Amino acid sequence: ARIPTQWSDTDNLAWKVKLPGAGASSPILTEQFVLVTSYSGYGEELQNPGDMNELKRHLSCVRRSDGEIAWTRSIDSEHSEDPYQGMGLPEHGYATNTPVTDGERVFAFLGKSGVIAFDLQGQQLWQVSVGTESGNRGWGTAASLMLYENMVIVNAAEESQRLLALDQATGEVVWEAAAATLELCYSTPAIVHVDATRDDLVIAVPGEVWGMNPRNGKLVWYVKTSLTGNLSPSIIVDGTNIYAFGGYRSSGSLAIQAGGKGDVTASNVLWTSRNSSYVASPILLDGRFYWIDDRGMYYIASAETGELIHRARVPDINEGGRPVYASPIAIDGKIYIQTRSSGVLVIQPSDELQLIAQNQFESDKSIFNATPAVGTGQLFLRSDAYLYCVSQ
């Protein structure tokens, strides 16, 4: 509740720090630090991308108190990535997967260079390859890591058409599940607590949503869907209800009751809808979904029925090249949406679009692809150039 609704280069900006490179990955938080990945050396200019052999990824640990970089570790590429060309990689780059931390270690997914673990002092613990293949679009990797019990779960759809679980302490493969239908699945899975003894790992793939046993990777149930390839939005979980969005091009959404075994399409689908988001994961707030699509349209939809409540074009945002990649977040009952080049929109939830503020750093002309992070009175925004801390 202490996050301001308005800020600028001179107002409510606690600090900003220059990052060692660009990236679409979101910052993540511990009590003391912000952790964020970036890339440099290749793919910084479309007309002159440079030499792929010079590509480096960086993991930076920044002090939340003052914005000082405690340490940065630079990692050479272990394998050539998809080239910086076409519709995909120039949109998001080579540091798209958001890292994850258990408070003692930080785990980063570096595409064809694998998953790498550091302690919070910057000491490398392990690095493991999860494949070096490419999807048929050549768009690069996007899914973020997640933690479950003592495992790091990886959606390596682009690298090997596999889901894997790695031991957090050693990086050893605990289980893996391979499937050709993981092609064009860029989303981060989610865990749903079905009952006191059962958790399901849920992921949307082209044409289906899967519920898997997160301890061994075995498929437990599945639902057939109309969601085609290019699945980017993350699964949303509310209790035992699961919501899936996405597909080319914003092909639909659906709600599923978790549980059951085998094909539960007929029994567990609560609703289906043509309303959808292409890249951003909608936010569920007080029984409603809110999002801005890749055409600059603002949506409100019912979580109970999937029905559209309101749709409106957002004024004063750059509509060229998809105006929003970041997912909405909610703070103190308000919705904050980071646009790519038109600042952060602060929206009051209602039955229609009610814009409170539009906050932009005029000094930064780079792209903002990352979803913000927020905690204890601090809002963290990252662009292709800087990491910002907004505070009252």
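A residue counts as buried when its relative accessible area is under 20%. In this predicted model, Cys185 has a relative accessible area of 2%. Cys185 is therefore buried. Cys61 is buried as well, with a value of 0%. The count of disulfides in the model is zero. Cys61 accordingly takes part in none, and the nearest cysteine sulfur, that of Cys389, is 14 Å away.

Strands of a sheet pair through backbone hydrogen bonds, in a parallel or an antiparallel manner. Here, five strands form an open sheet with mixed pairing. Their order is E14-E15-E16-E17-E21. Strand E14 (190-195) and strand E21 (262-263) are the edge strands. Each of these pairs on one side only. Strand E17 (residues 219-224) runs parallel to E21, and two bridges join them. Trp221 has Gly262 of E21 as its bridge partner.

Glu149 is not a glycine, yet its phi is positive, at about 50°. Glu149 sits in the loop between strand E10 (146-148) and strand E11 (151-156). Its relative accessibility is 49%, so Glu149 counts as partly exposed. Asp286 also has a positive phi, near 50°, and is a residue other than glycine. The loop that holds Asp286 lies between strand E23 (283-285) and strand E24 (288-292). Asp286 is exposed, with a relative accessible area of 75%.

Rolling a probe the size of a water molecule over the atoms shows where empty space is left. The largest pocket has a volume of about 1,300 Å³. It is lined by 45 residues, and the closest to its centre are Thr188, Ser234, Ser281, Ser327 and Thr371. Helix H1 (89-92) and E23 are the elements that give two or more residues to this lining. By class, the lining holds 26 nonpolar, 17 polar and two charged residues.

The second largest pocket has a volume of about 250 Å³. Its lining comprises 16 residues. Ala22, Tyr39, Glu44, Tyr84 and Asp384 lie nearest the centre of this pocket. Strand E3 (33-40) and H1 each give two or more residues to the lining. H1 gives the most, with four residues. Six residues of the lining are nonpolar, six are polar and four are charged.

Key:
Residues numbered from 1 in each chain as written. Predicted model: local features only at pLDDT ≥ 70, side-chain atom pairs only at ≥ 80, totals over all residues. Heavy atoms only, no water. Pairing = 2+ DSSP bridges. Disulfide = S-S within 2.5 Å. Buried < 20%, exposed > 50% of the residue type's maximum accessible area, 1.4 Å probe, protein only. 1 Å grid on protein atoms, 1.4 Å probe; cavity = no way out; pocket = protein on both sides within 12 Å on 5 of 7 lines; lining within 4 Å. Points joined across faces, edges and corners; volume = space filled by probe spheres on them. Nonpolar A, V, L, I, M, F, W, Y, C, P; charged D, E, K, R; others polar.
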